[in-house]
Amino acid sequence: MNRRPRNPIIPGSLKERTGSMPILRRAVREINRRFDGLERQVLDIFGRIRTYSLNDTAARAVLYGLNPEELAALNGELQAALDYWIATGRQSANSFWWSPFVSEASQLGTAQTAANLTNLSEAYAAARSLAQIVMSEPYRNRVGIAQVKSYEHWVGQGAEIKSDLAQVIGSAVADGRNPKEVVTLLQTRLDVSRSKAKAFAQTDITDSLRQARWAESDQAAEEFGLNIAELWTSALLPTTRPWHADRHGRVYTTEQVRKFYAERGNRYSCHCGQTECLLDENGRPILTDRLKAAMAKELKDWAPAA
């Protein structure tokens, strides 16, 4: 007697297929808190520069009282502000403010795969638990590598922000720009950097989650001889790229999925997910007709808006 096929557990929603939105919301709140603090400190640094108004309208409107030594000190203050709010300068990624978000996303992805494979495979359910996985050396190594990569990104973004702010202030001093205009310019530059930070947060959190799922899927296939594929669930948003949506309901190997995300900037701003499913002896995904029909309808309903 053939067992009735069990569908994989698909997390998230039609608009966000990874189930990582709660982590992202907390991350965005932390980014906003840090950029608010950075903005206050940067404007305070700029506001302490001495200025002298000039009556000659043909000349510069403002003279900044900033000698080379004071300019060097100001750059040092900007660097200290960026180190404090964005890149702490600590050598250990484990002590970095962003690391817990990477760790949480990795653990969530691993938990999703463990729950899914427990539902699909009796052999997996009997031999493997989430507690065992997260205590294993391969898992800890994967999370550590992900944290280091994220740390390097934030250090790089901190250096970029510092360069932008120093350029704005340096040009203002040289050109004698009105301090109110300079404040607006500094706020605008910081707003752009804040938007970049939020975009990175979405990409990094979902990428960490996906990488954890693929790794556990590969290990389960190797250890238990499971014939596993990755069922693609597209986030069917108005902004979803057509070549992402076209994959909805299809199955791929983890190698094929990794290759996809390594090309064409596909990993950026992607809300799609992949969920493990078992294949039959003919290589077809073991899914109920009801799930197949539902996914086909989701894609059809999205198509007119594409």
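I looked up helix 1 (residues 21–47) against helix 3 (residues 99–120) and found an angle of about 175° with the axes 11 Å apart. Axes here are lines fitted to C-alpha atoms, for helices over the stretch in contact, and angles run from 0 to 180 degrees between N-to-C directions. Helices are DSSP runs of H or I with at least four residues, numbered from the N terminus. I therefore noted helix 1 as roughly antiparallel to helix 3 (angles over 145 degrees; under 35 is roughly parallel, 65 to 115 roughly perpendicular, the rest oblique).

I noted that this is a predicted model, where local features need pLDDT of at least 70 and side-chain atom pairs count only at pLDDT 80 or more, while totals for chains, interfaces and linings use all residues. Residues are numbered from 1 along each chain as its sequence is written, and side-chain values use heavy atoms, with hydrogens and water left out.

Next I listed the contact (heavy atoms within 4.5 Å). From helix 1, Ile23, Arg26, Ala27 and Glu30 meet Phe101, Glu104, Ala105 and Leu108 of helix 3. By class I have 5 nonpolar, no polar and 3 charged residues there. Ala, Val, Leu, Ile, Met, Phe, Trp, Tyr, Cys and Pro count as nonpolar, Asp, Glu, Lys and Arg as charged, and the others, Gly among them, as polar.

I then turned to helix 3 and helix 7 (residues 179–224), whose axes come within 7 Å and cross at roughly 40°. That angle makes helix 3 oblique to helix 7. The residues of this contact divide into 8 nonpolar, 8 polar and 3 charged. Among those I found on the helix 3 side are Ala105 and Leu108, and the helix 7 side includes Asp204, Arg213 and Glu216.

Last, I went through the rings and found 16 aromatic pairs. Rings of Phe, Tyr and Trp (its six-membered ring) pair if their centres lie within 6.5 Å; planes under 30 degrees apart are stacked, over 60 edge-to-face, the rest tilted. Tyr84 and Trp85 are edge-to-face, at 4.8 Å centre to centre and 85° between the planes. I have Tyr84 as exposed at 56% relative accessibility and Trp85 as buried at 12% (buried is under 20% relative accessible area, exposed over 50%, partly exposed in between, with a 1.4 Å probe and protein chains only).

Key:
Helices (H or I, at least four residues) and strands (E, at least two) are DSSP runs, numbered from the N terminus.
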